[in-house]
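Take a moment to look over the fold before reading on.

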Amino acid sequence: MVNDKVREIICKDHVHGGNGSVLLEDLLASELLGEHCKLFAKVRLKPGCEIGYHEHHGESEAYYLLSGAGIYQDNKNMIPVKAGDITYCEAGTGHSIKNTGTNDLELIALILSK
C-alpha cells in the first residue's frame with residue numbers, strides 16, 4: 001500500500017523541450033518497479049502545457065488519459081485524444097502530447113523496457 005499522502009509531486013519545466021510545466025507523481029518508487037518497468041506515474045498538464053516530442057529506444061511508453069483533452073503526436077501523425085483513450089509508443093518510435101483543452105489533462109504514464 002502506498003498512501004497518497006506519502007507520494008511526492010514534482011514540477012518539471014520544458015519536459016523533452018515542450019512548453020510549460022509537467023506535474024509528475026511517481027505511483028511506485030523506483031525500487032519497487034522491477035527490472036522491466038522504468039516509470040509508473042500520474043502526469044498532469046495544465047492548459048497549453050506539453051511533453052515535447054521524444055523517441056523511445058529499448059523501451060515503450062503507454063499513456064492512459066484520466067481527464068482532459070489534447071493532441072497526441074504519434075511520430076508524424078497528430079491525433080486528438082481525450083479521457084479514456086490509451087496511446088502506445090513502441091520502441092524505436094516517438095511521441096508527444098499537448099493539453100489543448102481548458103481543463104487539466106491527467107494521465108497515467110507507463111514505461112516498460114525490453
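Leaving aside its neighbours within four places in sequence, N99 is in contact with L45, K46, P47, G48, C49, A69, G70, D104 and L105, where contact means heavy atoms within 4.5 Å. This is a predicted model, in which local features need pLDDT of at least 70, side-chain atom pairs count only at pLDDT 80 or more, and totals for chains, interfaces and linings use all residues. Residues are numbered from 1 along each chain as its sequence is written, and side-chain values use heavy atoms, with hydrogens and water left out.

N99 belongs to strand 9, residues 94–99; strands are DSSP runs of E, at least two residues, numbered from the N terminus. Is N99 buried or exposed? N99 counts as buried because its relative accessibility is 1%; buried means under 20% relative accessible area, exposed over 50%, and partly exposed in between, with a 1.4 Å probe and protein chains only. The side chain of N99 reaches the backbone oxygen of N103 at 2.9 Å. A polar atom of that N99 side chain also lies 3.4 Å from the backbone oxygen of K46.

I97 has its own surroundings: neighbours within four places in sequence aside, I97 is in contact with residues including L45, I51, Y63, L65, L105 and L107. The largest nonpolar core has 19 residues, and V43, L45, I51, Y63, L65, I97 and L107 have the most contacts inside it. Such a core is a set of buried Ala, Val, Leu, Ile, Met, Phe, Trp, Tyr and Cys residues joined through side-chain atoms within 4.5 Å.

How values were computed. Helix = DSSP H or I, 4+ residues; strand = E, 2+ residues; numbered from the N terminus. Polar contact = N/O pair within 3.5 Å; in protein donor to acceptor, adjacent residues only side chain to side chain.
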